[in-house]
Structures are given as structure tokens and as C-alpha cells.
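Biologist: Can we go through this one together? I'd like to pick out a few spots and ask you about them.

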Amino acid sequence: MRVIRVGTRKSQLAHIQTDSVVASLKTLYPGLQFEIIAMSTTGDKILDIALSKIGEKSLFTKELEHALEKNEVDLVVHSLKDLPTVLPPGFTIGAICKREIPYDAVVFHPKFVGKTLETLPERSVVGTSSLRRAAQLHRKFPHLEFKSIRGNLNTRLRKLDEQQEFSAIILAAAGLQRMGWQSRVGQILRPEECMYAVGQGALGVEVRAKDQDILDLVGALHDPETLLRCIAERAFLRHLEGGCSVPVAVHTAMKDGQLYLTGGVWSLDGSDSMQETMQAAVDVPAQSDGAEDNPQLVGITARHIPRGAQLAAENLGISLANLLLSKGAKDILDVARQLNEAQ
């Protein structure tokens, strides 16, 4: 019986996410066996520096990609938001699984349970590892202070509960949901309060681009709507040349054959910002029988999803980025990048 080796990070959440992908693959391919191989990444090891300061685009992916390259694993499961919009040569995202809730959630210190960000006391400290969240929330809730907090979900929740430093922390709602910790969610942040990161809430399966067997194997996991939304989001971010060192956020929705993409950029303190929305006709396709020999789009290979829908989603992301750039978004991002490097 063939054994498929699956790479993952060592955290509890990464294991849960990988187990869910492997369970789906086992249902599709009962004749295969799967072995999960866990490893630590640079982002797991460097915990005393804010993510945006490390200056490494593949913080949570590089070691896993090395294992793929050396043929030690056959595929790797990631949070899609951790995967850069430009992958190293030889790799591709072979599947994007159905997205869970993409929004951010607020978890409050036990003494502030029942509060919201709006009703927290003046100068309360809120922990987040994300410039994107801090910039938007600073603008929306100027009475609060935002401070970097690092570590996996378990570590961050422990810091919140056991130390008196933070009144609340901001985490991805999908991660809390997958961990079974919905009871800790005190507030879900809607897009008008805090738009989410590109790809947030979705899982991506990375494979070797020339490994056609594995590409065919994982391709069945593609969720067409999630795929098209994430192509648009990744194209937007890539064209802006954004990353975790600048505050960029998105919101997408699919309705009546139209894909709506809202994208925004912010200064580090949120005082300067720019947001626009565009839409395009993108029918959510069923998986087609005939595989098209497609090159990658924003690092993604989806040979069984009609090419026209994928290109329309990519063009939407590029068009929105161009609109923001034409209105001066590059200046906002350049200043944010310089300030982040100087701090």
C-alpha cells in the first residue's frame, strides 16, 4: 500500500488542520496510507521579534518546503495566509480547501469578559502579531493601545490569562474554531471594523509542481468558491507588493455570479488609509472533467477548474490593486514599510 507523507508544523492547530486534510484524502482514496511528519519553522523558533520585523517572507513555510524539495514529504498543509503570493521555483499550491470563517476574533482577559473593544477602559493594551489588525483597530478604537504578542494559539492564550499585560488579544476566528475554543470568543470583528488577511480561514496544500500524481491526488480538494476568492485576494496583494511588513487587508464575497473584492491599505497607526471595492462576473464552476494544462496563477494550480473563471478572479485582484495604486496607495505602503523597519 502506497504511503503518502504529509508535512506540517508542530503546533496543535497545525496538527488539527493537517488531520482534517488527511481525513478528506482518506475518504477519497481509501487504498492509500498517510504518514504525518511534523517540523518546526523559523516563525515557530523566533518568538521575541514581531513577525513584521523578521523580514523573511516564508517564515512558516521554508523548512517545510526544504523537506518537499528533498523528497522527505509528498505534500505540506499550510494556513493559506502564511503562503507568500510568489512561491519558490518548483512548488505550487495544489489545493485550497473550503474556507472557514475568515474574520478576526477578540478574546478578552477573564476580568473583561462581556466587554467589547469599544467598551474596554481607556489605554487598555490589546495584543496582536499583525500590523494589519493593529492599523485598522487603532483607527477604529483610538482609546486602545496595541502591542505585539507572539507564539502559537496556546501560548498567546496563556499569556493573556496568566499575565496582567493584555486586556484582550486578536486571533483568527478560524483557528479558535478548529481548536474547539469558540467559547473564548468575546467578539467577532466584521469587515467594517477589521478586514481580514489574504487567504485567512482557508488551508492550502503545497506540492512539488512537477509531481503530477500528487497534484492529481490533492486537486480533488479544491473548493471552487474559496479558490476563486483567494486567487483574487492573492493577485491583489501580489500586485501591491504587500506582505506582513505592511498593513493590507481584503474582504471577498460571491453573489449571483459576481465576485466582490474590497481591498485596503493603511499607515501603521491607521491615520491614513485607502479602500476600494470592485466586482467581476465569475461563475462558480463545478469541477470540470477535462483537465486543462494550466500554468500557475498566484502560485496556485487548479487544472480541473475552468481557466476563464480563474483568470477573471486574478484580473479582478490586479485591477483593484491598480486602482489603489493610481490613487496613491504606494506612498502609504512605502511610508509604512520604512517606519516599520525604523522602529
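Biologist: Start with Val298. Is it buried or exposed?
Modeller: This is a predicted model, so keep that in mind throughout. Val298 has a relative accessibility of 3%, and because buried means under 20%, it counts as buried.

Biologist: Where does Val298 lie?
Modeller: In the loop between S13 and H10. Val298 also has a positive phi, near 40°, and it is a residue other than glycine.

Biologist: Why point that out?
Modeller: Because most residues other than glycine have a negative phi.

Biologist: What about Asn71, what is its phi?
Modeller: Asn71 has a positive phi of about 65°, and it is not a glycine either. It sits in the loop between helix H4 (62-69) and strand S3 (75-79).

Biologist: And how accessible is Asn71?
Modeller: Its relative accessible area is 43%, so Asn71 is partly exposed. Val298, in contrast, is buried.

Biologist: New topic. How many residues does the largest nonpolar core have?
Modeller: That core has 46 residues. Ile96, Phe236, Val248 and Val265 are the ones with the most contacts inside it.

Biologist: Which elements give two or more residues to it?
Modeller: Among them are strand S4 (91-96), helix H9 (224-240), strand S11 (248-255) and strand S12 (258-266). H9 gives the largest share, nine residues.

Biologist: What does Ile96 touch?
Modeller: Leaving aside neighbours within four places in sequence, its contacts include Leu80, Leu203, Leu227, Cys230 and Ile300. His222 and Asp223 are also in contact with Ile96.

Biologist: What is in the second, separate core?
Modeller: That core has 19 residues, including Leu32, Ala95, Cys97 and Leu217.

Biologist: Back to H9. How many of its residues are buried?
Modeller: Of the 17 residues in H9, 14 are buried, so the helix is largely enclosed by the rest of the structure. From first C-alpha to last, H9 reaches 24 Å, close to the 24 Å expected at 1.5 Å a residue.

Biologist: What comes just after H9?
Modeller: Glu241, which takes a positive phi of about 60°.

Biologist: And S11, how does it run with S12?
Modeller: S11 and S12 run antiparallel and are joined by eight bridges. Thr252 stands opposite Leu261 in S12. The hairpin of these two strands has two residues between them, and Asp256 there takes a positive phi near 50°.

Biologist: How many residues of S11 are buried?
Modeller: Six of its eight, so S11 is largely enclosed by the rest of the structure.

Biologist: Now the five-strand sheet. What is the order?
Modeller: The order is S7-S6-S8-S5-S9, in an open sheet with mixed pairing. Strand S7 (145-147) and strand S9 (185-189) are at the edges with a single partner strand each, so one side of each has no neighbour in the sheet. On average, neighbouring strands are turned by 30° against each other, direction ignored.

Biologist: How many bridges join S5 to S9?
Modeller: Four, and the two strands run antiparallel. Asp104 stands opposite Leu189 in S9.

Biologist: Which helix packs on the sheet and touches S7?
Modeller: Helix H5 (residues 131-140), which also touches S5, S8 and S9. The direction of H5 makes about 125° with that of S8. Helix H6 (residues 153-162) lies across S5 and S8, at about 165° to S8.

Definitions and conventions:
Residues numbered from 1 in each chain as written. Predicted model: local features only at pLDDT ≥ 70, side-chain atom pairs only at ≥ 80, totals over all residues. Heavy atoms only, no water. Core = buried A, V, L, I, M, F, W, Y, C linked by side-chain atoms within 4.5 Å. Buried < 20%, exposed > 50% of the residue type's maximum accessible area, 1.4 Å probe, protein only. Contact = heavy atoms within 4.5 Å. Expected span 1.5 Å × (residues − 1). Pairing = 2+ DSSP bridges. Axes fitted to C-alpha atoms, helices over the stretch in contact; angles between N-to-C directions.
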